[in-house]
Amino acid sequence: MRPAEEFPSSTLTGQLPLPVVLAGARGHGRWHLENIRRLQDKGLLRLAGICELTPLDAEELNGQTVEQSADFGALLDSTGAAIAVICTPIPTHTDLALIAAGKGVHLLLEKPPAPSYAEFRRMADGVAAAGVVCQIGFQSLGSHAVPAIRKLIAQGVIGQVAGIGGAGAWARDEAYYRRAPWAGKRRLNGVDVIDGALTNPLAHAVATALALNGSTRAEDVTAIETELLHANDIESDDTSCVRITTPRGRVTVAATLCAERPGEPYVLVHGSSGRITFWYKQDRVLVQRSGHGPEEIEYGRTDLLENLVAHLTEGAELLVAPDTTGAFMKVVEAIRQAPDPLALPAGAWEPLTEENRRVVPGIDGLVAAAADTLALYSELGASWARPNQAANKVGSEVSTP
């Protein structure tokens, strides 16, 4: 059987609009629902079904009549779905993806694709064996800035690349960790969840940095170091950093959900004669190099669901096939295998009562400094980042089933 990314394109030509089922239509799923409606208006898709434990009401459906069921497989059968969008809790991704694949239904699977490397491989191998196409929902990898930056790097515009940094200083309030039973958990009822800052809300920073490094597959990763901490009363990390070693150099990404002044996350390419900053949510790029004034460029973006439709009907290149997220999943696995995140000591965080959230004083600067120097928090002098307890070096022993 051919791998998913080589599944025959153009087999659905002339069948537009393609029927689609959305699994998980609340929370982030609302974004997918609106996006499906946008593509429905363009004549590319038809919203055929919604899978939710509690059906959406008329207001949520915006007056549209849609078949609903809590039984995902039965809904795929009854609607004749060609595509399924899966935006459900992380531990359910693999099983739902394999249900769809077993019925010949193509997939847009929300990131992170799985909570462990073993589950990721079970999903990716099962999808490939079924001969269906799977797009992983790293929307930033649809940005036209990604190939443009890689071209600039290849042309030597900023000289020899010394490394790539990533920075994400965000804020999440107490309600964020109460939105679902799995929120902020490493495990739930004995099942891996790994809902941490680097693996879920700021996962795009990691995946985008790896993409700019040209290291997207599992075999591209040779070592991983992690420092995982939390200020909130959760199991997982909300303030963390990771350094990934690849044959093409090092990638360091620092993140927090306890920022003093939340800002746009970015990826920073360090060159011997310049640097490139990419604010990936905005598709905005700043090129700074010796002998030239700064140049800022805004790029377009290809929607990943629209790209999946174009792949199936026109033969367009699939942008984010499962195996191109293997390096990211090695990072997830290293975080899963690392010691449980350290609780920040008293005095290292403070409550921001008016916003009902916790803040780590000085963390905004540390996140920026990590991206700028490719150093970990402990190497930057953070008194609460104790490498003997919070750093876990993982090289070839990162498990590969």
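Q: Which residues lie nearest the centre of the largest pocket?
A: In this predicted model, the lining of the largest pocket consists of 37 residues. Helix 1 (29–41) and helix 3 (93–102) each supply at least two residues of that lining. Nearest the pocket centre lie Gly27, His28, Gly29, Cys87 and Glu110.

Q: How many residues of the lining of the largest pocket are charged?
A: The pocket has a volume of about 1,200 Å³. Its lining residues divide into 17 nonpolar and eleven polar, and the charged ones number nine.

Q: Which helix gives the largest share of the lining of the second largest pocket?
A: The second largest pocket holds about 460 Å³ of space and is lined by 19 residues. Three of the lining residues, the largest share, come from helix 5.

Q: What kind of aromatic pair do Phe138 and Phe328 form?
A: A pair of aromatic rings is described by the distance of the centres and the angle of the planes. For Phe138 and Phe328 the centres are 4.9 Å apart. Planes over 60 degrees apart count as edge-to-face. The planes here are at 75°, so the pair is edge-to-face.

Q: How many residues apart are Phe138 and Phe328?
A: Phe138 is in the loop between strand 6 (134–136) and helix 5. Phe328 belongs to helix 8 (residues 326–337). The pair links distant parts of the chain, and the separation is 190 residues.

Q: Is Trp384 buried or exposed?
A: Buried means under 20% relative accessible area. Trp384 has 7% relative accessibility, so Trp384 counts as buried.

Definitions and conventions:
Residues numbered from 1 in each chain as written. Predicted model: local features only at pLDDT ≥ 70, side-chain atom pairs only at ≥ 80, totals over all residues. Heavy atoms only, no water. 1 Å grid on protein atoms, 1.4 Å probe; cavity = no way out; pocket = protein on both sides within 12 Å on 5 of 7 lines; lining within 4 Å. Points joined across faces, edges and corners; volume = space filled by probe spheres on them. Helix = DSSP H or I, 4+ residues; strand = E, 2+ residues; numbered from the N terminus. Nonpolar A, V, L, I, M, F, W, Y, C, P; charged D, E, K, R; others polar. Phe/Tyr/Trp six-rings, centres within 6.5 Å; stacked < 30°, edge-to-face > 60°. Buried < 20%, exposed > 50% of the residue type's maximum accessible area, 1.4 Å probe, protein only.
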